[in-house]
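This report concerns one protein model, shown below. It treats salt bridges, a helix pair and selected residues in turn.

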Amino acid sequence: MSTRVAIRGDLLDFTAEPAWGETESAAVRYRPDHWLLVDGGRITAVQSDAPGEGWERIDQRGRLILPGFIDTHVHSPQLDVIASYGTALLDWLDTYTFPAERLYADPAQAESGAALFLDALLAHGTTAAVVFPTVHKVSCDRLFAAAQQRGMRVIAGKVLMDRHAPDGLRDDVDQAERDCQELIARWHGTDRLAYAVTVRFAPTSTPEQLAMAGRLCAAEPTLYMQTHVAENRAEVQWVHELFPAARSYLDVYARAGLLHQRSVLAHGIWLDDADRAALREAGAQIAHSPSSNLFLGSGLFDWRAAEAAGAKVSLASDVGGGTSLSMLRTMADAYKVQAMAGQRLTAWKALHAATRGAALALGLGHEIGTLEPGCVADLCVWDWAVGPVATRRLEVARGLHEKAFAWMTLSDERNLAMAWVNGVERYRRDD
């Protein structure tokens, strides 16, 4: 396979963050019918003219080329429980999630599940992700191994749960610390992998385990931290009962040393102004998971308030609470959530949050999320329209934003033609 590849198509990415509600934005970089040159896994140039000799040319004219999507919160073992009926968050965990995750103590299940999950991400146009495996060390180990084989940028860590979880899904502080340290030594910084200290959520960790997690973060500042926060009102009340000294749910993590610039906190629906200020000061991000929030009836995230306070916001599928690995479906649901609050989410704001915005929030803007020369060639080729309805809508669209918004709203994984990771083609649709 040639390492020098030139791909022709309509290139779309961002040079800055689009302003809220702005459909005509200087932050959007659209280069129709251009060639993207990739050499040795990195983007080397973008040009309107065809390259010379020595390049493998892949003509995708009439198709859209974007950076690969970045999913900042997703659960690798939960494909088995996606689209499960009839419960809110806490019951959903007990009824569906925990039984599915218990299976990942088996190395064979952990290996096959990781492969299925990562291949499914790629088939949905997601080339990088922040992932929850399970409490079992082997589930994290096999996930990292599978990501390494595919050249993917994956951030993950063994889930920490030492209370309020069923048999087979609890660890203890000392063993969990040893497991984390061994996984960090093996995987953190290896190839394109990074370790995240992974607290399931405050109720399933004792104060002692939270303190241990904080020590891990303090000992190695390049580690990420991922958890859930303020997703559901009943959950928020439970946290208040378990941690009465904390000012808020978010404050539980702050007190344990878990709120910093590499913290990724899923949901963040039921936060107040003081919480948003704490997020800004720490440099932490909220992984907004609109599909999951709608499906579980958790609530409506106030994106404008978070942004106004200076907090970072990225987008996440949260499968299996979310109902699709498709970040396009996630963006369409994000629009609906904001519409319920009287706000209008532009295609630019949504696409930025799933590409360059997520990369910057993760400290990876130099590597992914953009089609800038020098960055890693994680990119996807999309059909602008699939089927007669979308095709007609595209024909009558006026202006670039209307075209992009219709594509974002009407498209899903069926629109994906190709996915490239680290300059290697990892997915191609059977046409």
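Which residues are linked with R8 in a network of salt bridges? The network joins R8, D33, D59 and R61. The model under discussion is a predicted one.

Across the whole structure, a search finds 36 salt bridges. One of them pairs R8 with D33, and the closest N and O atoms of this pair are 2.7 Å apart.

D33, at 34% relative accessibility, counts as partly exposed. In general terms, side chains of opposite charge can pair when their charged atoms come close.

R247 takes part in a salt bridge with D272, with an N to O distance of 3.0 Å. This pair also links distant parts of the chain: D272 is in the loop between β11 (263-267) and α8 (273-282), while R247 is in the loop between α6 (233-242) and α7 (249-255), 25 residues away. Both ends are partly exposed, D272 at 32% relative accessibility and R247 at 47%.

A salt bridge also connects R247 with D275, whose closest N and O atoms are 2.7 Å apart. Here the loop between α6 and α7, which holds R247, is linked to helix α8, which holds D275, across 28 residues. D275 has a relative accessible area of 5% and is therefore buried.

## The pairing of α14 and α15

How do helices α14 and α15 run relative to each other, roughly parallel or roughly antiparallel? The axes of α14 (residues 388-396) and α15 (residues 399-410) come within 9 Å and cross at roughly 165°. Angles over 145 degrees count as roughly antiparallel, and α14 and α15 are therefore roughly antiparallel to each other. The crossing of α14 past α15 is right-handed.

On the α14 side, the contact is made by A390, R393, L394 and V396; on the α15 side, the residues are E402, K403, A406 and L410. Of the residues in this contact, five are nonpolar, three are charged and none is polar.

## L410 in helix α15

L410, a residue of helix α15, touches A390 and R393 when residues up to four places away in sequence are left out of the count. Both of these residues are among those that α14 brings to its contact with α15. At 42% relative accessibility, L410 counts as partly exposed.

L410 can also be placed relative to L118. The two are 292 residues apart in sequence, and their C-alpha atoms are 24 Å apart in space.

Leaving aside residues up to four places away in sequence, S298 touches E231, N232, I269, W270 and N293.

Conventions: Residues numbered from 1 in each chain as written. Predicted model: local features only at pLDDT ≥ 70, side-chain atom pairs only at ≥ 80, totals over all residues. Heavy atoms only, no water. Axes fitted to C-alpha atoms, helices over the stretch in contact; angles between N-to-C directions. Helix = DSSP H or I, 4+ residues; strand = E, 2+ residues; numbered from the N terminus. Parallel < 35°, antiparallel > 145°, perpendicular 65-115°, else oblique. Left-handed = near helix turned anticlockwise from the far one by under 90°. Contact = heavy atoms within 4.5 Å. Nonpolar A, V, L, I, M, F, W, Y, C, P; charged D, E, K, R; others polar. Salt bridge = Lys/Arg side-chain N within 4 Å of Asp/Glu carboxyl O. Buried < 20%, exposed > 50% of the residue type's maximum accessible area, 1.4 Å probe, protein only.
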